Structure formats: structure tokens, C-alpha cells
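Hi,

Here is the structure I promised to pass on.

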Amino acid sequence: MKVGFGGDGERELGRSPLVGLLLATDATRPRSIPAALRTAAQLPIDAKDFTGRELETALAYDGKRRVLLVGLGDPKKVTPETLRRAAAAVVRRARQMRIDRCAVVVAPGSVEPADAGRSIGEGLELGNYVFHGQKTDAPPARVRDVAVHFSGSPAQRRAFRAGLVQGSAVGQAQCFARDLGNQPANVATPRYLVAQARKVARGGRVKLKVVATAELRRRGFGGVLGVARGSAEPAFFLELEWRPKRSRRSICLIGKGITFDTGGISLKPPQGMEEMKFDMCGAAAVLATFHAIVALQPRVHVWGLVPCAENMPGGRAIKPGDVLKTYGGQTVEVTNTDAEGRLVLADALGRAQELAPDFAVDLATLTGACVVALGHRASGLFCNHAELTDKLRRAGDEAGERLWPLPLWDDYVEEMRSTVADLKNSGTRYGGAATAAAFLRKFAGELAWAHLDIAGTAWDTPRNELYEGGATGVGVRMLVRLLESLE
Ligand code: BES
Ligand code: MN
Ligand code: ZN
């Protein structure tokens, strides 16, 4: 989708078949509405069909065009999330009406112009997202062109415009993550993730190293290799690197890339197993963040580590009781082959320690227990570093991707002790998100590190203007904000 900045010029509005007019409750007085739209907007406002309540909509016609009024609520309480959703509502309505060109009109308010532009750019892209998959009917209508009009001082308009361009890039990156998550596992194999990483790195700005089986063996990536043993699909370990000329800090992003999780020999029940194609959404978030990095070029040194494997119960699969040696040298007794995410992450954390970044963050659809704890409204946040915790929570709030802290106490690791290896990979049923995090902590060493359990937020979250089912692409908006906070 082409997202353009139309300035505050009212003339161009005349040509749009649909104009989305975003209005807070105080702006419903006629004088604050652009003259070209006043006649159309008048009727729903006078009739009190539209009062500006948050995300309330009313459609009006004035012969030449349609005007979709979208409420922003209390003018003092408008948030970036409201703007994001309001922008998405306009694009969605356009799609429903099979209109491929629209405009959005918004005035300065309680959200800083740069943040407002950012949110609107994100919302437009997300509202335009559809996954058509392998359906053989005609793909649904999409919007191709949006002009966004923002009144305000020249400085405000400049800030808004810059935000809009960034937001559109971030939104596109998040849609890329959604595509990766939505593809079925017979398409999105480890090999496919390699191909997608190559695409991201194609321009040459991002360096990519693909570590394949022989090198994984030579270098002792026992976790990744162990998980992949039961599958006909070979495993890969991806290393991406963005190194700008100037940077103050470095960060390593790690994403769980299990392209399908059957549970392995500790086989999952069939009910809902098809969902486990989403078990690479951590990987999708990291790859998509690099997609955004190419566009935004943040001044921070970023590594991406993505272990990719399929967890299958083949004849050569690891068995309960098997012991694996992870990349950093620690040994793990596999008491449950379905606790495979932590095995591949153990290798990645070992590798991250060698890179010695200022911060490391892993994202993983790691435990059903985290879904039980937090539902679909927040990702679990486990962190051993106060500054990183703060930065992550702030980034999550700004991006509308909430993180909620869960404990990383040492006590939890007690039940992960093994009699034959350094650790075992599963404990009891209770506190499963925390014991998984405690396990990972043993592989993070002295890193300033955070683990984000996105099992509840990566898919099937409550529907709204931004999201209509399937993969959410969670993590991308938040990670981009986090990178910016490190510039
Ligand atoms: N990918 C799953 C986690 C998961 C489960 C995500 C349900 C979303 C919904 C992970 O690999 C897994 O199977 N975890 C086990 C761990 C257990 C065996 C210790 C779990 O959560 O049951
Ligand atoms: Mn599993
Ligand atoms: Zn899994």
C-alpha cells in the first residue's frame, strides 16, 4: 500500500472516494471540520448519530464521496492505540466497500505529532492486512493508496510526516511477520525461514550467516540438532547482523523458530495441534524487525539469532531420558520432548554470550502456562536487568504490545535439576512459564537478558480494527521502539 502525506490541502480531498475523518468529542462542532467535509459530516453529528466516542463510526455521503467519521473519544485522553485503530478502521471500511483509494484526515491533539503519524501509518498497514493463504478464489480487495492529511504548524506537520513514513514501514514489517506465522508448516519449513531471511538481507545492509547441519554438528549446537532429529527437514541456525556506522549500544534479538511442534515423542493431543504452525512466531518477529531495520536504519548494533527446526516424532527422534549437550557446553536431560523451545533457545543464548551484546532479548511461543497466566492480552516478561525491564515495558506500552513482568527467582530452577545432566527440560505442571524462564536463565550467563513468552499474544488474540485472526505479528512494533530507545 502506498501511504502518502497529503499535507493539509483540502483540494486533494475532493478526489478521494472515501475520506476517513478522525474526530475527538470536542471536534464535532462544525467549525473544526475541514470545509470540504463539513456538509457531509453535518448530518450524523446534528442527528447525534455520531458523538466522537472512541472508535465509534458513522458513514455519510455527499454525492461526490463518502465520509467515514471515526471517533477518538475524550480529546485529552486520545492515545496512540486509538489512532492506530481508528486509521485501521478507515482502511477496513474501504476494503469492505471495494474502494482501493482513500484519505484520512486528522488534526493535532493530545498525541505528539510524530507518534500520531507513526500510529496512523502502522494502523493503515495492519488494517489492510489479509492472509489469503492457499485459497483458490479471488483474493479479497485491498487498499492501494492512502493520503493522510494533518493540519497543524509546519513543524508539527514535518514531525507527523516522518512518523507516518516510519509507521508505514513498521506496519509492513509486522505484516511480513504475520505472513510467516500464517503460512502452513508444509510451506514455512526451516528452509523457508532461511529463504525469507535471505530476502531481508538481500539489499546487503543486513549481514546473514546460515549455519546448516554439518557446521551445527561441528560447533556443537546440540539443542537445535536434538530437536530436529525426528524430522526429515534439516535444521538451520540464522545469524543476522545490522551494524550502522555509528552506534552506542548493541543488542541481540533471539527468536524461537520451531516451524511445527508436534511435541515429538511426547506427542501433543490432536485437538488444536494445527495451531502449532505458529511456533515460529518468535523467529517471525525477529526477522520482521530486521525488515523494519532496513527501512529505519536505527543507530544501534543489532544481532538476530534464529534457531529453526521442526519438532517431529520420527524414527531418529530424541526420546525422553536422552541427554543433549548444548552450544555453551551444559548438558540437558530431555524429560519431555515437547519442551523443545528451551532446547533451541539454550543454544542461541550460548551463542549470544559469545557476541557479548549490551542486551539480549528472546521471543518465544514457549509455554501453554503463560497463556493460562496472562491470557491473550499481554506477553510474559522475565528479565534479570532493571534498565532493560524498564525499556521493554515502555517500548511495549508505546507500541500497544503489552508486556507484564513475571518472576525469575532462582527457586524455580530447583525442579529443573536432573540426576544425570546439568538440568532437565521439564518440571511439574505448575508455574510452567516461570520454570521455563528459570531454565533459560542458566544459559544466559551474565547477559543483561529478557525472555518474552509470546505464546498467548502471537495468535488468536481478541479481534479488533487491527487484527482479524491468525498470526498477530506481535513483537515487531515493540522491538522497533526498543531499538530506538537504545540509539
Ligand atoms: N510451543 C509450545 C508452547 C505452547 C503451548 C504455545 C500451547 C501455545 C499454546 C511449547 O513447545 C510446549 O509444548 N510447551 C510445553 C512445555 C511442557 C512440556 C514443559 C507446554 O507448555 O505444555
Ligand atoms: Mn512443544
Ligand atoms: Zn513449541
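Predicted model: local features only at pLDDT ≥ 70, side-chain atom pairs only at ≥ 80, totals over all residues.

Let me start with the ligand.

**The ligand and its contacts**

There are 17 residues around ligand 1, and those that come nearest are Asp 261, Lys 268, Asp 338, Glu 340 and Gly 368. Two of these also turn up in polar contacts with ligand oxygens. Lys 268 puts a polar side-chain atom 2.8 Å from an oxygen atom of ligand 1, while Gly 368 uses its backbone, with an N or O atom 2.7 Å from an oxygen atom of the ligand. Leu 366 also takes part through its backbone: one of its polar atoms there is 3.4 Å from a nitrogen atom of ligand 1. As for burial, ligand 1 on its own would expose 520 Å², and the protein buries 78% of that.

**The largest pocket**

Which pocket holds ligand 1? The ligand sits in the largest one, whose volume comes out at about 960 Å³. This pocket is lined by 41 residues, and Lys 268, Leu 366, Thr 367, Gly 368 and Ala 369 are the closest to its centre.

In terms of elements, α9 (341–355), α10 (368–374) and α12 (432–444) each give two or more residues to the lining. The largest share comes from α10, with five residues. By class, the lining of this pocket has 16 nonpolar, 15 polar and 10 charged residues.

**The second largest pocket**

If you want another site to look at, the second largest pocket holds about 610 Å³ of space. It has 27 lining residues, and the closest to its centre are Glu 81, Gly 400, Glu 401, Asn 464 and Arg 477. Here the elements giving two or more residues are α2 (80–96), α4 (154–182) and α11 (386–399), and α2 gives the most, with four residues. The lining divides into eight nonpolar, nine polar and 10 charged residues.

**Cavities**

How many cavities of 30 Å³ or more does the structure hold? It holds four, and the largest cavity has about 40 Å³ of space. Its lining is made up of Leu 363, Ser 379, Glu 401, Arg 402, Leu 403, Leu 452, Ile 454, Val 474, Gly 475 and Met 478. By class, that makes six nonpolar, two polar and two charged residues. Glu 401 is worth a click in the viewer: it lines this cavity and is also listed among the residues closest to the centre of the second largest pocket.

Cheers

Note on methods. Residues numbered from 1 in each chain as written. Chains lettered and ligands numbered in written order. Heavy atoms only, no water. Near = heavy atom within 4 Å. Polar contact = N/O pair within 3.5 Å; in protein donor to acceptor, adjacent residues only side chain to side chain. Areas by Shrake-Rupley, 256 points an atom, 1.4 Å probe, with all protein chains shown as cover. 1 Å grid on protein atoms, 1.4 Å probe; cavity = no way out; pocket = protein on both sides within 12 Å on 5 of 7 lines; lining within 4 Å. Sits in = over half its atoms within 2 Å of the grid points. Points joined across faces, edges and corners; volume = space filled by probe spheres on them. Nonpolar A, V, L, I, M, F, W, Y, C, P; charged D, E, K, R; others polar.
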